[in-house]
Amino acid sequence: MIRLIGYFFGIGTTLALLVAAGVAIYIGHVAKDLPDYEVLAKYEPPVTTRIHASDGSLMAEYARERRLYLPIQAIPDRVKAAFLSAEDKNFYNHPGVDITGLGRAALTYVSGGPMQGGSTITQQVAKNFLLTNERSLERKVKEAILSFRIEQAYSKDRILELYLNEIFFGFNAYGVAGAALTYFDKSVNELTVAEAAYLASLPKGPANYNPFKHADRALERRNWVIGQMVENGYVTPEEGAKAKAEPLGVAPRRTGSYLFAGEYFTEEVRRQIIARYGENALYEGGLSIRTTLDPKVQLIARKAMQNGLMKYDTLRGYRGPVKTIDVSGDWGVPLGAVKGLEDVPEWSLAVVLDSSASGLSIGLQPARQASGDIVKERVEGTVSKDDMGFAMRHLVDGKTVKAKSPADVLKPGDVIFVQKNEGSDNTYSLRQVPEVEGGLIAMDPHTGRVLAMVGGFSYSQSEFNRATQAMRQPGSSFKPIVYSAALDNGYTPASVIMDGPITIQSGNTTWTPKNYDGTVAGPATLRSGIEKSRNLMTVRLANDMGMKLVVEYAERFGVYDHLAPYLPMALGSGETTVMRMVSAYSIMANGGKSIKPSLIDRIQDRYGKTVFKQDERGCEGCNAPEWKNQPEPELVDNSEQVLDPMTAYQITSMMEGVVQRGTGATIGELGRHIAGKTGTTNDEKDAWFIGYTPNLVVGLYMGYDTPRGLGHGATGGGLAAPIFKDFMRVALDGTPNVDFKVPDGMNLIAINRKTGMRAASGDPGTIIEAFKPGTGPADSYWVIGMGADGSNASGGPLSPQANQAIQDGGGGLY
């Protein structure tokens, strides 16, 4: 018997050794092809890039996986406790594998069941980082082997850190920090016990515990995790009961740019980052980008531009509804499918339920939950006839028709835009998306920092950025470049030029320019020419000094890369952008120094290291180790001087005249020291105004995307200048009224505003003009460009007509 027992024991031992050898061979075979777990030491997951305004406000986030990486020390204990309770309560005690759990999973699999459960946090790290999601015994073995190796190579805290930063939570959120923002719009430090428990419930199956589609299931799972936290001693029973009583409280986060209408700005930054570093850096690199945008200025710019576009558009009548839907049944569903304007939050989509002589009954577009589901409640309101007055002139087959009743304009089923009336609960005003468009830039002239950018009425409607991408003729707003070139090369603000008919012959081509109003004023000073925007004077001036000089300055100012040296270009017929024009005016505003427009102040990588800084100024002595009574350090401005500072002041003074008594006189009502210039292009296709104070430059244009006339008499002074005025009224409110600084050495001399000659004391019609050292008013009367072709051949004695013009003046303000 003993021999028999020994026999069977020997067979058993042999079989056990054979099985062990087989297992060892199998494990050796599997282990041979395992990935290198040491890559975990260099783990750099895709991290969200965040774009901030100049005040730190979040504008936008870009990520393929919405993740913010947090070191384990920055994750609160209650958050860690929630995940340990939900996923691996023995994490700090096992060697990487929970033998009991693994055995149970293997037994289920051998019995014909699915591969399941039993994975520790370490195993999940091995699977998520190094293996596939294949459900097989071999993958489980690989997972176990890697887990043992990982535990030997890394601390428990490092393993938990990798896990908490890698796992997927749904809604494109990865890592616990990203999940906290996505689900609760909070940092991990702000999470309550209940919120941490809900996040800990998600890794097992985010879709199964969706807070909107499976709220009951999500609540049940969260409460189970809270129960585990109590059982494991992480929270008291009282704390657990209180946490279980709380609702899920999910408050999904929205990106921030809608808060201050910075979509066009943000998109421009996105393009720049991709051009500089590539798409992977933007969507995976975890960059922190501090932009130049000032949210307050941006909101002011957006409102001024939108109001100006709407004012022009509504004067041309109503073009009809957005579309028409069936309202015989549940109108909320088809109305909910119509796309609105997300970046114009003041407006709502509505459907006409009834129309009569007194107005409209409307139903508002239903709100949507974060899940995308339409809220079932219906909100209704009214639009009175007075609140849709502009629509009483509406377009039918391209012709304007006057309506007697709102019922003649809109009918049930028509989808419209409305805006709630201030102080009202259910009355609204009819709105219409303008056809006319435009772009606006506000810039700091000393640094080139772009403070605000409006690329059109609505980014949701059109992503085309008219401030940076639209190539338009600047028209007369280009004239200050021509006059700057003249003032920099021997002319003075008191130089007199003939404002009279001129014909330019070029080969077989004849060009006869005209002033906007068709009149001529005779001889007048440069100041008068720019204040009244006289085309004929500008052409004569460009002809007298030569277009090569104009081209040089246009390119020096950055308005054009290459400008053809033809006289019509002196009137702004070449195409450029608002950004370039504002940058050029900044040179005049800052004393003649070149500037590089910038949307980005600083870029930091995921570790906080600054990889880009816009401010390139040097600072001698800024890094002194100690104070030894040395002079205070000073920033060294290394900007190129592209215009004489005295010239910059002269052209600024002349453009102050544009605002005080010229084509931009409406802006003078602000009572501010502002210089600027209007611009109106051929056939009134574009209306411009660009102006500045000593510390702020703003430029804008209005026009149709497919250029066509804005209407007879539609000028920069009539359309663009009022928008500029509305912007400046608010933007400058509460700021000191700073005057432009006169450069040292300039001579201020009283001259006759008609002749440009020195004025005697008490003479009427005088003006104080700025002259550079060595220059001054002419001693004798001389008129540039008296010839019919703009030459100076007849520049001696004046004709009777010229003498009469000197006495009477003439011409209009445009």
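The second largest cavity of this predicted model holds about 30 Å³ of space, where a cavity is a set of points, on a 1 Å grid over the protein atoms alone, at which a 1.4 Å probe fits but cannot get out; grid points are joined across faces, edges and corners, and a volume is the space filled by probe spheres set on the points. Its lining (residues with an atom within 4 Å of a point) consists of T48, E61, R66, R67, L68, G178, L181 and R253. By class, two of these are nonpolar, two polar and four charged, with Ala, Val, Leu, Ile, Met, Phe, Trp, Tyr, Cys and Pro counted as nonpolar, Asp, Glu, Lys and Arg as charged, and the others, Gly among them, as polar.

Searching the whole structure gives two cavities of 30 Å³ or more. At least two lining residues come from each of α11 (263-277), α13 (295-314) and β15 (450-454); here helices (H or I, at least four residues) and strands (E, at least two) are DSSP runs, numbered from the N terminus. Helix α13 gives the largest share, three residues.

Five strands form an open sheet in the order β2-β1-β5-β20-β21, and the pairing is mixed; two strands pair if DSSP finds at least two bridges between them. Because β2 (58-62) and β21 (610-613) each have a single partner strand, these edge strands are left without a neighbour in the sheet on one side. From one strand to the next, the twist averages 15°. Strand β20 (residues 600-604) pairs with β21 in the antiparallel sense over three bridges, and I603 has F612 in β21 as its bridge partner. Helix α11 packs on this sheet, touching β1 (49-52), β2, β5 (288-291), β20 and β21, and its direction makes about 50° with that of β20. Contact means heavy atoms within 4.5 Å; axes are lines fitted to C-alpha atoms, for helices over the stretch in contact, and angles run from 0 to 180 degrees between N-to-C directions.

Strands β16 (residues 496-499) and β19 run antiparallel and are joined by four bridges, with I497 opposite A524 in β19.

As for confidence, the mean pLDDT (the predictor's confidence in each residue, from 0 to 100) is 87 for the protein, and 86% of its residues reach 70 or more. Over residues 794-814, pLDDT stays under 50, and the model has 45 contacts beyond four places in sequence for this stretch. In this predicted model, local features need pLDDT of at least 70 and side-chain atom pairs count only at pLDDT 80 or more, while totals for chains, interfaces and linings use all residues. Residues are numbered from 1 along each chain as its sequence is written, and side-chain values use heavy atoms, with hydrogens and water left out.

Notes
On a 1 Å grid over the protein atoms alone, a cavity is a set of points where a 1.4 Å probe fits but cannot get out, and a pocket is an open set with protein on both sides within 12 Å along at least five of seven lines; lining residues have an atom within 4 Å of a point.
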